[in-house]
Amino acid sequence: MEHIAIIGAGLMGRGIALAFALAGRRVVVHEADADRSRDLCSQLQQDLRQIGADTATADRITFDASLASAVAGADVVIEAVPEDLPLKRQVFAAEAGIAAMMDVLRGIGKMPVHVRKDVPGFIGNRLQHAMWREAIALVEAGVCDAETVDTVVKASFGQRLAVLGPLENADLVGTDLALMVHHYLLPHLDRTPEPQPLLRDLVATGRLGMKSGTGFRTWTEDAARRVRDDLARHLLAARPVPGRADPTPFDHKETGS
């Protein structure tokens, strides 16, 4: 599995391309927008410098505006287009060899998991955005500010997540205790079936997060850079080492059936 084709050059596609290139594979990314392709080349160089990797790794990644030629001769084709169902239906075909695909991903140091039912967001995004919804609701209700939410997560259960998943945690404390807490707490959790007004207002007023200088929190260029650098160092330290049998959750990939 030496020739990898990736359909879609967004944030996810870029990350997948880097992962395979760092593992020594040759990668072709399908991207019809020439300007975006040029921007991505510089972003790849920046990503590699940030994790302390050889920037020449980017030479293993090429871009192709033609879908047909991008996938021609590929050993593996990975779809990484935006979360747009009609678009995905145009390019996605069900994986016939789940086990083979999982072996390919393990071969570059990732931890693949088998998603047995296709649902919006798969597993990771569903869990992440469920937490985000509650976090936004707390701020919107005036319970606390955004910095407090982030502090509570990072200083409490967030420290355990890399080694203790949510259902492991429930088993650890006992399912009887989990049930008792759920009887009391679940009726009070946010059930908003659409984006909260606070999030809508931030976007409508141009408060887009780090890239605009303000979002839920206010960001200087230095503060945003520190967060990105801290994240890169953390993920780099958590990367699996050759021969270790316990790749980290940061390297997981969800493979649908």
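Let's begin with a term: a residue is buried under 20% relative accessible area, exposed over 50%, and partly exposed in between, using a 1.4 Å probe and protein chains only. Keep that in mind for Leu-172, which is exposed, because its relative accessible area is 61%.

Now, the ground rules. This is a predicted model, where local features need pLDDT of at least 70, side-chain atom pairs count only at pLDDT 80 or more, and totals for chains, interfaces and linings use all residues. Residues are numbered from 1 along each chain as its sequence is written, and side-chain values use heavy atoms, with hydrogens and water left out.

The overview next. The protein has 11 helices and six strands. Those are DSSP runs numbered from the N terminus: helices are H or I with at least four residues, strands are E with at least two. Of the 257 residues, 27% count as buried.

Back to Leu-172. This residue lies in helix 8. How does helix 8 meet helix 9? They pack at an angle of about 105°, with axes 5 Å apart. Axes are lines fitted to C-alpha atoms, for helices over the stretch in contact, and angles run from 0 to 180 degrees between N-to-C directions. So helix 8 is roughly perpendicular to helix 9. Angles of 65 to 115 degrees get that name; under 35 is roughly parallel, over 145 roughly antiparallel, and the rest oblique.

Who touches whom? Helix 8 brings Ala-170, Asp-171 and Val-173; helix 9 brings Thr-175, Asp-176, Leu-177 and Ala-178. Contact means heavy atoms within 4.5 Å.
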